[in-house]
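Student: I am new to this structure. Please give me a close look at a single part of it, and show me what lies around that part.

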Amino acid sequence: MMWYDGWGGWFAMAIFMVLFWVLVIAGVVVLIRYVTGSRHGQQSGGPPVSSGEPRWGGRPAEELLAERFARGEIDEDEYKRRLTLLREHR
């Protein structure tokens with residue numbers, strides 16, 4: 001006697017097979033994105049410059065500096081010094 005019982009067993013087996021392959025394909029996609037995305041945010045040749053404001057990854061440098069200050073990565077003196085430097089070199 002087999003482990004399945006009529007059409008219900010075949011249907012469950014088909015569903016599990018589809019789920020298995022979906023998980024395998026999703027795992028491969030995640031692995032490829034992880035390996036190729038390890039340099040995400042870094043661009044060869046430096047950040048692109050458009051409209052006169054330095055940008056990194058499509059975001060203004062001043063915005064990134066403000067976020068670093070808000071997160072506490074840099075203190076107020078460092079923030080002001082770097083902001084002045086950015087504005088001088090526009």
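Tutor: Start with the term salt bridge: a side-chain nitrogen of Lys or Arg within 4 Å of a carboxyl oxygen of Asp or Glu. The model is predicted, so local features need pLDDT of at least 70 and side-chain atom pairs count only at pLDDT 80 or more, while totals for chains, interfaces and linings use all residues. Residues are numbered from 1 along each chain as its sequence is written, and side-chain values use heavy atoms, with hydrogens and water left out.

First, the setting. The chain has three helices and three strands. (These are DSSP runs numbered from the N terminus: H or I of at least four residues for helices, E of at least two for strands.) Their order along the sequence is α-β-β-β-α-α. Of the 90 residues, 10% are buried. (Buried is under 20% relative accessible area, exposed is over 50%, and partly exposed lies in between, with a 1.4 Å probe and protein chains only.)

Now the part itself: helix α3. It spans residues 76-88 and has 13 residues. From first C-alpha to last, α3 reaches 18 Å, close to the 18 Å expected at 1.5 Å a residue. (The expected span is 1.5 Å times one less than the number of residues.) Its buried residues are E78, Y79 and L83. They lie on the same side of α3, because they cover an arc of only 125 degrees around the axis. (The arc is taken from the directions between the helix axis and the C-beta atoms.) On the other side, D77 and E88 are exposed. What covers the buried residues? Helix α2, residues 61-71, is part of that cover.

Turn to the charges. Side chains of opposite charge can pair when their charged atoms come close. The chain has seven salt bridges. One of them joins R71 and E67, at 3.8 Å from N to O. Both sit in α2, four residues apart, or about one helical turn. R71 is exposed at 53% relative accessibility. E67 is partly exposed at 27%. Another salt bridge joins E73 and R68, at 3.0 Å. E73 is partly exposed at 46%, and R68 is partly exposed at 28%.

E78 is one of the buried residues of α3. R82 is partly exposed, with a relative accessible area of 31%. Elsewhere, salt bridges with shared partners tie E67, R68, R71 and E73 into one network. An α-helix has 3.6 residues a turn, so residues three or four places apart point the same way.

Last, a look at another helix. I32 belongs to α1, residues 7-36. I32 is partly exposed, at 48% relative accessible area. With M17, F20, W21, V24, I25, V28 and V29, I32 forms a nonpolar patch on the surface, about 750 Å² of accessible area together. (Patch residues have over 30% relative accessible area and no salt bridge; nonpolar side chains, meaning Val, Leu, Ile, Met, Phe, Trp and Tyr, are joined within 5 Å, like charges within 9 Å.) The whole chain exposes about 7900 Å², and carbon and sulfur atoms supply 64% of that. (Areas come from the Shrake-Rupley method with a 1.4 Å probe; for residues, only the protein chains shown count as cover.)

Definitions and conventions
Contact means heavy atoms within 4.5 Å.
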